[in-house]
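Open the model in your viewer and keep the sequence panel beside it. This tour tells you what to select at each stop and what you will find there.

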Amino acid sequence: TGVSNLQEEKFNMIAGRQKIVKANGAEPDELEAQVAQELLNLEMSANELKADLHDLYISAARELEVGGGRKAIVIFVPFRQLKDFHKIQSRLVRELEKKFSGRHVVIVAQRTILPKTANRSALQKGPRPRSRTLTHVHEQILEDIVYPTEIVGKRTRHKVDGSKTLKVYLDPKDQVNVETKLDTFTCVYNSLTHKDVAFEFPVENP
């Protein structure tokens, strides 16, 4: 029985690797292999996720310190699969957070930023597509981090020392669900963009 269990474990590990495809064929680290394995486990055990998860895979995963001794896991997914992940995101995140002992899980699409001076081939003449500019990519990362909650407003606050903080107002109808994740959202956005952000819910005047 010990041998068959080992074989089954080995088979599952190999199968789990199908749920992660890293750039340039790089090997996944321990956390990435763990996330990929949990995705495979959910695909095999959760009937309502099985069909949707079948063709999905991740491209990377990172663990971040988010303050108060808490950690979060940021899962990067191929940009072209983001909409498919969004279809099951609420349920998927809930299941993964259970598996990872209550660590917050955030799903973000892997995007490429083209620098202004990017060498463009003959086929790519003309201005950079807006979807590849730094500003647009950072806007999209913001939306990914808070999904499925909608952003209802933004304001840039200029400090005396010349630094800027982006104030982002989230849809109050989701306040109960995401209030405990605001610090996580802030840390993830700062880690990915090196920009300061503060998330709030708009206060309605009586």
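## Stop 1: Salt bridges

This predicted model holds twelve salt bridges.

Select lysine 22 and glutamate 32. Their side chains meet in a salt bridge, with N and O 2.9 Å apart. The two residues are ten apart, yet the pair links distant parts of the chain. Lysine 22 sits in the loop between α1 (2–16) and α2 (30–45), while glutamate 32 belongs to helix α2.

Next, select glutamate 48 and arginine 91. The closest N and O atoms of this salt bridge are 2.2 Å apart. Here 43 residues separate the partners: glutamate 48 is in helix α3 (residues 47–53) and arginine 91 in helix α4 (residues 82–99). Arginine 91 is partly exposed, at 23% relative accessible area.

Together with Glu48 and Arg91, they are linked in a network of salt bridges.

Now move to aspartate 144 and arginine 111. They form a salt bridge with closest N and O atoms 2.6 Å apart. Aspartate 144 lies in helix α5 (residues 134–146), and arginine 111 lies in the loop between β3 (104–110) and α5, so the pair ties together parts 33 residues apart in sequence. Aspartate 144 and arginine 111 are both buried.

## Stop 2: A hairpin

Select residues 151–158, strand β4, and residues 164–170, strand β5. In what sense do these strands pair, and over how many bridges? They pair in the antiparallel sense, over seven bridges. Pick out lysine 154: opposite this residue stands valine 168 in β5.

Follow the chain from β4 to β5. The two strands form a hairpin with five residues between them. Click on glycine 162 in the turn, which has a positive phi of about 95°.

## Stop 3: Lysine 181

Select lysine 181, in the loop between α6 (175–178) and α7 (182–193). Lysine 181 counts as buried because its relative accessibility is 16%, and the limit for buried is under 20%.

Show the side chain of glutamate 97 as well. A polar contact of 2.8 Å joins the side chains of glutamate 97 and lysine 181. What else does lysine 181 touch, leaving aside neighbours within four places in sequence? Its contacts are Val93, Glu97, His104 and Val105.

## Stop 4

In soluble globular proteins, nonpolar side chains tend to be buried together. Look for such groups here.

Select Val35, Leu53, Ile58, Ile75, Leu92 and Leu96. Of the 25 residues in the largest nonpolar core, these touch the most other members. Color by element next: α2, α3, β2 (71–78), α4 and β3 each supply at least two residues of this core. Which element gives the largest share? It is α4, with six residues.

Zoom in on leucine 53. Not counting residues up to four places away in sequence, leucine 53 touches Lys19, Leu39, Leu42, Glu43, Ile88 and Leu92.

Key:
Residues are numbered from 1 along each chain as its sequence is written. This is a predicted model: local features need pLDDT of at least 70, side-chain atom pairs count only at pLDDT 80 or more; totals for chains, interfaces and linings use all residues. Side-chain values use heavy atoms; hydrogens and water are left out. A salt bridge is a side-chain nitrogen of Lys or Arg within 4 Å of a carboxyl oxygen of Asp or Glu. Helices (H or I, at least four residues) and strands (E, at least two) are DSSP runs, numbered from the N terminus. Buried means under 20% relative accessible area, exposed over 50%, partly exposed in between (1.4 Å probe, protein chains only). Two strands pair if DSSP finds at least two bridges between them. A polar contact is a pair of N or O atoms within 3.5 Å; within protein, one must be able to donate a hydrogen and the other to accept it, and residues adjacent in sequence count only if both atoms are side-chain atoms. Contact means heavy atoms within 4.5 Å. A nonpolar core is a set of buried Ala, Val, Leu, Ile, Met, Phe, Trp, Tyr and Cys residues joined through side-chain atoms within 4.5 Å.
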